[in-house]
Amino acid sequence: METFSNTPAVGFLPSLTLGAVLSNNIRSLLLAGVLAVFSFGSLAVVLLMAPIGIIGFFAYQIAHWGFDPLLFLATFVLPHGIFELPAAILATAAALRLGASVIARPPRMTVGEGWLAALTDFVKVFVFVTLPLLLIAAFVEVNLTLRVVLWAYGAH
């Protein structure tokens with residue numbers, strides 16, 4: 001595990017603790033919800049696409065260097081990504097609905113009632129679906145993902 005001991009020194013990465021990873025993911029998805037309100041939902045989608053684009057960039061770089069990009073994705077992303085990605089997609093969908101509710105209100109509702117209904121749905125999805133998935137993902141990321149990476153790449 002010494003291979004990753006300097007990771008917290010990199011400014012944009014959280015420390016590799018359960019609390020730090022969980023709070024980073026929660027903060028990102030809550031930011032998407034807030035930005036959705038001011039952008040009719042579009043910035044929430046952009047915030048979801050950004051890390052996916054970064055992962056794609058790294059997979060390309062891995063392939064360019066002659067390594068297997070599928071092994072990279074399977075080791076660095078898949079163990080915790082099977083929980084984190086659905087959580088992020090569901091939270092983003094709820095944030096998109098929240099932002100879009102201002103311009104596409106439900107029938108027989110005022111704009112305020114539609115927005116309040118969308119906000120209620122966002123909170124329910126976030127608390128009852130997103131948070132548990134993010135907690136599991138953070139636990140797996142801290143305790144399993146690095147072990148899988150080190151095992152797959154032969155580092156001891």
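Helices (H or I, at least four residues) and strands (E, at least two) are DSSP runs, numbered from the N terminus. The model is predicted, so local features need pLDDT of at least 70 and side-chain atom pairs count only at pLDDT 80 or more, while totals for chains, interfaces and linings use all residues. Residues are numbered from 1 along each chain as its sequence is written, and side-chain values use heavy atoms, with hydrogens and water left out.

Figure 1. Helix 1 covers residues 18–39, which is 22 residues. From its first C-alpha to its last, helix 1 reaches 31 Å, close to the 32 Å expected at 1.5 Å a residue (1.5 Å times one less than the number of residues).

**Figure 2. The whole protein.** The protein has 4 helices and 0 strands, in the pattern α-α-α-α along the sequence. Its C-alpha trace spans about 60 × 30 × 25 Å along the principal axes. Of its 156 residues, 30% count as buried (under 20% relative accessible area, with a 1.4 Å probe and protein chains only). Among contacts (heavy atoms within 4.5 Å) with a separation of 6 or more, 73% join residues 24 or more positions apart.

**Figure 3. The buried residues of helix 1.** The buried residues in helix 1 are Ala20, Val21, Leu22, Asn25, Leu29, Ala32, Gly33, Ala36 and Ser39. They pack against helix 2, helix 3 and helix 4 (111–153).

**Figure 4. Helix 1 beside helix 3.** The axes (lines fitted to C-alpha atoms over the stretch in contact) of helix 1 and helix 3 come within 7 Å and cross at roughly 20 degrees. Helix 1 is therefore roughly parallel to helix 3 (under 35 degrees, on a scale from 0 to 180 degrees between N-to-C directions). Helix 1 contributes Asn25, Leu29, Ala32, Gly33, Ala36 and Val37 to the contact. From helix 3 come Glu84, Ala87, Ala88, Ala91, Thr92, Ala95, Leu98 and Gly99. The residues of this contact between helix 1 and helix 3 divide into 9 nonpolar, 4 polar and 1 charged. Here Ala, Val, Leu, Ile, Met, Phe, Trp, Tyr, Cys and Pro count as nonpolar, Asp, Glu, Lys and Arg as charged, and the others, Gly among them, as polar.

**Figure 5. Helix 2 against helix 3.** Helix 2 (residues 42–64) and helix 3 (residues 69–100) have axes that come within 10 Å and cross at roughly 170 degrees. The two helices, helix 2 and helix 3, are therefore roughly antiparallel (over 145 degrees). On the side of helix 2 the contact includes Leu48, Ile55, Phe58 and Ile62, and on the side of helix 3 it includes Phe72, Leu73, Val77 and Ile89. The residues of the contact of helix 2 with helix 3 comprise 16 nonpolar, 2 polar and no charged.

**Figure 6. Val77 in helix 3.** Val77 is found in helix 3 and counts as buried because its relative accessibility is 16%. Leaving aside neighbours within four places in sequence, Val77 is in contact with Ile55 and Phe72. Val77 and Ala138 are 61 residues apart in sequence, and their C-alpha atoms are 12 Å apart in space.

**Figure 7. Thr130 in helix 4.** Thr130 lies in helix 4 and counts as buried because its relative accessibility is 0%. Its contacts, leaving aside neighbours within four places in sequence, are with Leu29, Ala87, Ala91 and Val125. Leu29 is one of the buried residues of helix 1, and Ala87 and Ala91 of helix 3 take part in the contact with helix 1.

Key:
Parallel < 35°, antiparallel > 145°, perpendicular 65-115°, else oblique. Buried < 20%, exposed > 50% of the residue type's maximum accessible area, 1.4 Å probe, protein only.
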